[in-house]
Amino acid sequence: MEGDALARATVSADFAVESASRRRHLKHLGWLITAGLVIAYVAVLLTYQRSLSEDFVTPRPEANEVAVSLVPTNVYAAERKVNMSVLLFPGRDSLDPDGRLTQPVSVLITPSVTATEITFAAGRVPSPHEVMLPVSGLVQKYPFDRYSFTYTVSASTVSNGETIGIPLTVSTFFRVPGWSLSAQDSQTFLGLQEVITGSIARDFSTIGIALLFLTLKIIIASLVIRVVRSVAANRMELTIAIAAWFTALLFALVPLRNAFPIQPPLGSWMDILVFFWVVAIVMVSLALVASMLLHRARITAHEDAEPSD
C-alpha cells in the first residue's frame, strides 16, 4: 500500500513538473507570437502610410511642348490589364488665354487594349481620358505576382492637313490601393517619342497580410490534427462539441480565404500549397471524429441493451 501511494505521489509530482514546464513554454510562445504580430502590424502600417505620402506634381512643359501624365486607377491582375487616366498638360504655345487648346492634340499610346490614339479637341480645356493598357504577369503567383509593361507614347497635331509631331515629356503618378510601382525607366527618341518601361507589384502591406493569413491557416490545420490525435489517444474527451467546431471551421475556411487583400483568383499557388490542404485536413479530421462518435454511440447502445444481472 505504501509503495502504491509512493508511486502515485511520484507520478503526480512528475505530472506537475511537466505541466509547469509546458505552461512556461506556452507563455514564452505566446509572448513570441504577440511580439511578431506587433512587429508585423507596425511594418504594415508604416508601409501603407508611406504609400500615401506622395502628392501629384503638375508638370511644367516648355512653351512648345506638351506633358503627358499616366495615372493608373485600377489593376486587373487576372485580366492582365491596367486602367489609366491620361492627362494632358500643353505648353503656352498650344493654349489660348482661357486655357483652351488652340489646336487639336492627339496622344498615341501603344500597345493598348482600347483605343490607341486619344484626341484632345481644339477649343476645349484638356480633360482626362480613360484607357486600358496591357501588362504581362501571372496572377497565380499571388501575392508575389509582378506585372511588367512597355508603352510608347507620342503626341501630334494637324496643321494645314499635315500631321506634325509635338515634343513631349511623359510621367506617371501611381497610387492604386494595394499596389506599388516597383521599377520604372524611360527613353526619349528625338524628343517626339518616349518609351516607358516598368513593373507593378503588390504593396508590402498586402504581401504581409496575405502571408499572415496563410500562416494562421497552417496553425489551424496543425491544431486540428493535434485535437484528433488527443481524442484518439484518450487524452481529450470525445464530445459532440469537437465535431461541431470542425464543422463550423470547415464552413468558415472559404470566407477566410476570400478575405485575403485584393481577393486572388482560385487556383493560385497559395491554394495549391496551403488552402486546399487545410480544407482536406479539416474534412478528414471531421470524418474521423464523426466515426469515433458513431463507434462510441454503438458501444453505448450495445451496453444499454445488455440485460443486467
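A residue is called buried when its relative accessible area is under 20%, exposed when that area is over 50%, and partly exposed in between, with a 1.4 Å probe and protein chains only. Colleagues, the model before you is predicted, so to speak of local features we require pLDDT of at least 70, and side-chain atom pairs count only at pLDDT 80 or more, while totals for chains, interfaces and linings use all residues. Residues are numbered from 1 along each chain as its sequence is written, and side-chain values use heavy atoms, with hydrogens and water left out.

I begin with the aromatic rings. Rings of Phe, Tyr and Trp (its six-membered ring) pair if their centres lie within 6.5 Å; planes under 30 degrees apart are stacked, over 60 edge-to-face, and the rest tilted. Searching the whole structure gives seven aromatic pairs. In one of them, the centres of Phe213 and Phe260 are 5.4 Å apart and the planes stand at 80 degrees, so this pair is edge-to-face. It joins distant parts of the chain, 47 residues apart: Phe213 belongs to helix α2 (204-232), and Phe260 to the loop between α3 (240-258) and α4 (269-305). Helices here are DSSP runs (H or I, at least four residues), as are strands (E, at least two), numbered from the N terminus.

I turn to the nonpolar cores. Such a core is a set of buried Ala, Val, Leu, Ile, Met, Phe, Trp, Tyr and Cys residues joined through side-chain atoms within 4.5 Å. The largest has 32 residues, and those with the most contacts inside it include Val68, Leu88 and Trp179. Strand β6 (146-159) is one of the elements giving two or more residues to this core; its contribution, five residues, is the most. Beyond its neighbours within four places in sequence, Trp179 is in contact (heavy atoms within 4.5 Å) with residues including Val75, Tyr147, Phe174 and Ile262.
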